[in-house]
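Please read this briefing with the model in view.

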Amino acid sequence: MVTVSTLGSHCALQLLKGAKDEGLDTLLVCEKRRLSLYSRFSFIDKIVPVDSFTDILQEPCASEIQDTILIPHGTLISQLDSEKIESIQTPIFGNKYILKWESDRELKEQMMRKADLPVPKAINSPDDIDDMVIVKRQGAAGGKGYFMASTTQEYHTRRKSLIADGVISPDEPLYIQRYVSGVLAYLQFFYSPIRDEVEFFGCDQRHESDIEGISRIPASNQITSSTPSFNVIGNSPLVLRESLLDEAYKMAERFVDAARRLASPGMNGPFCIEGVYDADAKFSAFEFSARIVAGTNIYMNGSPYYNLLFNEPISMGRRICREIKDAIAVNSLKNVIT
Amino acid sequence: MVTVSTLGSHCALQLLKGAKDEGLDTLLVCEKRRLSLYSRFSFIDKIVPVDSFTDILQEPCASEIQDTILIPHGTLISQLDSEKIESIQTPIFGNKYILKWESDRELKEQMMRKADLPVPKAINSPDDIDDMVIVKRQGAAGGKGYFMASTTQEYHTRRKSLIADGVISPDEPLYIQRYVSGVLAYLQFFYSPIRDEVEFFGCDQRHESDIEGISRIPASNQITSSTPSFNVIGNSPLVLRESLLDEAYKMAERFVDAARRLASPGMNGPFCIEGVYDADAKFSAFEFSARIVAGTNIYMNGSPYYNLLFNEPISMGRRICREIKDAIAVNSLKNVIT
Amino acid sequence: MVTVSTLGSHCALQLLKGAKDEGLDTLLVCEKRRLSLYSRFSFIDKIVPVDSFTDILQEPCASEIQDTILIPHGTLISQLDSEKIESIQTPIFGNKYILKWESDRELKEQMMRKADLPVPKAINSPDDIDDMVIVKRQGAAGGKGYFMASTTQEYHTRRKSLIADGVISPDEPLYIQRYVSGVLAYLQFFYSPIRDEVEFFGCDQRHESDIEGISRIPASNQITSSTPSFNVIGNSPLVLRESLLDEAYKMAERFVDAARRLASPGMNGPFCIEGVYDADAKFSAFEFSARIVAGTNIYMNGSPYYNLLFNEPISMGRRICREIKDAIAVNSLKNVIT
């Protein structure tokens, strides 16, 4: 019997419920402070308590999880650097070597160019700001510390303010991108190496604080000196205009192709292309995630688009576990893990 | 056979469909002007037409419903004061004595403090307004007449304007709270006295008019003298970042504890903690509802989070009816009604 | 065996998946450039490739589809004018003669008045603009080229700018309507001539670019000279306050009555009333669609409200196909097609 494991955060509930629905055993690596949460769910067969998620690199936790298949998600990436993730002895679902292409801004850009994804113009220096930009931090920080600016001066004012508040550090490299206004869309896909097919799972919108609150304040009451932030609080569902689906699939296929060439064995499993549709319904991609995203949590009981592909409710977590089972059935487990 | 009854508004359809799905009989107390709506649904076994919902206190309506279990919701609270609700002879699901803690602003604050919920600062006098505030009316008015203000002068201007429009009365006590900007979230729970467990059912966002429309008007076109209002029109789904769930459960458990001490027999059944996540993802609670909320209507065919707890689609209405059945099965119906 | 056909866009996936779920055969008329998208879905039994959707009027495509029932949607209306649609020899689900009442602004207004739908005031001339208005193009252009204005001068400035950009043509008639601010709601219905009943299917919100992005830009950063546009990118779910349902049903029934009198054989099948709830929760209808709308895509695995009417997940596409089967079962297919 296969046991699926993951870290207790991000989308762990969806993942382990999906595993149980597929008949697999489940194990959760859980911070002690979160035991009371995860103990509530009967589909979690075993909980391994840790002081910190970095404990998975050491005994006794390393041994506890060694016979499982570990599903990576955003928390793994934010807690362990790429080298440490690659050093994990437990088999990891998908491709653990592609995760550094998500975390490192340079590699990320290289991958997006290779996949020919339409990206907003990068601004090399704060001195070149002459229109609205968004300024981002490295890695998966959940939007905390991101800010907008329209001028070089505003950039420096807001950056200093965030340093003073201890949100970012003075020597932290920041990434400046032209701000594209429109409908934000996080496009969720699954690539199955067993079927050699890309599937469009769904689309979500993120709800970020406090930028979301600002839209509810009449313009005359907005306090102009404040710096809105982009801390992700939750997600909500979205379906796309059907005429946009073809290009979404094509971007995903180009991404899978690029990943195969740049980061062997490629983009196996779930991923997400994140961007915005402008006034001409043209998509600009500003990020990708090379693993399951938390936005899939909105579809724990199935997504509209997976309803087209499966005749039962399939979450992304369950899809992953079905891929594991499909791989075992054709004696190809090694093709879906690293 | 148990018959479940409710008033024809708010979430009556969800409640009675859930009752029927659980195999119970259903009865609706329906205003005559709404008969054409509720007659459409075959899961309503019996309709008792009334001129006004207050008729449930009198014959013949009181007798018609006396052998049922009445499910309270927001319309019951807005139509009958607490004393009248407590005088109802029909058994009420949950705890009818806790409903006054929701309706009365002083009791509500006392309960929230006892539960150690993080509340936005209350402003005692309009003279103390020195930052953005939101001004609220007593009771469950659905957001009608709420307004925002940044200064004492703006408070008086907007209040006078609403009095002139007949929306609020000159002697109506208003409640002033610091405005917390961020992602609004209405956290829906169910406490089962039979299982002695809190369940997180889901989360929704409210769509209020005309404040929602204002965000779609470019700043330069907004007419600054207008007073946005907060009349609830509908709800949409939201999932929370998983790292926020632990604190959500803990708040709910503290609330259940506080209710047990302040309002015997406690917070049995569905409730909602209503607030906002700020830029640091910290939650501020500005309200609670001590009964089912209309936001659960978005999940009439099951919620993402209940998918983790049940292997079939369960609405909040159906959950209530299952609790009734569970209670009967262990001969403890008296523990889930008052 | 009945074969259901449609054009490959808009809501084709939902329609043909629904047909297959009902046990019908499926055929898709597909632009060659979109073959790679639609070939992914196994529920599409046959694909007829075309260079352009207007090919359905000619051989060989006309013969390929002649023994099917064609389901009309927004793409059919935007690609073929009413006369051409009416000339199609293939039986069309619902009433093909009502589609011109949707496309033609004058007929549309006449129908809405006949149905006594509350419509925002039309402004006859740009010179009469004295408050916020929205300016619309004829037909189902998906919101592209719509704009807002507060003054006559702003109207002319924005119109000229859109003409210069090639979005609208200089001689294109534009329709000016008072702008009602509030919660936008697209109310989706199905009228069954077999059961002679109106069903409320659900409600959605549209996500339009780039107006949606503007709400995420702090007022002080908004560039005042830009013209927001309303290009539909996607949809998200909404449930209505239950006290609004009665009026929604009544509007729908008045619409069905009006359609029966003005456009025989009437409003058979799916339709949508599109509008906004203002601060008093009063609805203003600014449009209708006399066929399935793309907003129903959000409910491909069932809607909250259809959960009240059916004990299985029914999309609008599936509902249409069930109507076809119901009609055949009572030997009345001619009553659901034209």
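In this predicted model, the copies meet through different surfaces, because only 10% of the interface residues of chain A are also interface residues in chain C. Contact here means heavy atoms within 4.5 Å. The model is predicted, so local features need pLDDT of at least 70 and side-chain atom pairs count only at pLDDT 80 or more, while totals for chains, interfaces and linings use all residues. Residues are numbered from 1 along each chain as its sequence is written, chains are lettered from A and ligands numbered from 1 in the order in which they are written, and side-chain values use heavy atoms, with hydrogens and water left out.

**How the copies are related**

- Copies are superposed by least squares on the C-alpha atoms of residues with pLDDT of at least 70 in both.
- Chain B is superposed on chain C by a rotation of 120 degrees and 0.0 Å of shift along its axis, again with an RMSD of 0.0 Å. Of the contact residues of chain B, 11% recur in chain C, and the copies use different surfaces.

**Interfaces**

- The size of an interface is often given as the accessible area lost when the parts come together. Buried area is the accessible area (1.4 Å probe) that two parts lose on being put together, summed over both.
- Between chain A and chain C, about 3,800 Å² is buried, and carbon and sulfur atoms give 54% of it. Arg241(A), Glu242(A) and Leu308(A) supply 19% of the area that chain A buries against chain C, more than any other three residues.
- This contact takes 49 residues from chain A and 45 residues from chain C.
- Chain B and chain C also bury about 3,800 Å² between them, with 54% of it on carbon and sulfur atoms. Here Arg40(B), Arg216(B) and Ile233(B) supply 21% of the area that chain B buries against chain C, more than any other three residues.
- The contact between these two chains takes 45 residues from chain B and 49 residues from chain C.

**Salt bridges across the interfaces**

- Side chains of opposite charge can pair when their charged atoms come close. A salt bridge is a side-chain nitrogen of Lys or Arg within 4 Å of a carboxyl oxygen of Asp or Glu.
- Between chain A and chain C the count is 1 salt bridge. Arg40(C) forms a salt bridge with Glu253(A), and their closest N and O atoms are 3.0 Å apart.
- Across the interface of chain B and chain C there is 1 salt bridge. Arg40(B) forms a salt bridge with Glu253(C), with the closest N and O atoms 3.0 Å apart.

**Strand E9 of chain C**

- Helices (H or I, at least four residues) and strands (E, at least two) are DSSP runs, numbered from the N terminus.
- Strand E9(C), residues 183-192, is largely enclosed by the rest of the structure, because 10 of its 10 residues are buried. Buried means under 20% relative accessible area, exposed over 50%, and partly exposed in between (1.4 Å probe, protein chains only).
- Two strands pair if DSSP finds at least two bridges between them.
- Gln188(C) stands opposite Cys272(C) in E12(C), and its bridge partner in E10(C) is Gly202(C).
- E9(C) and E10(C) form a hairpin with 4 residues between them, and Asp196(C) in the turn has a positive phi of about 50 degrees.

**Salt bridges within chains**

- Over all chains, the structure holds 84 salt bridges.
- Arg319(A) and Glu323(A) meet in a salt bridge (3.2 Å, N to O). Being 4 residues apart in helix H11(A), residues 316-329, they are separated by about one helical turn, and both are buried.
- Arg319(B) forms a salt bridge with Glu199(B), with 2.9 Å between the closest N and O atoms. This pair links distant parts of the chain, 120 residues apart: Arg319(B) is in helix H11(B) and Glu199(B) in strand E10(B).
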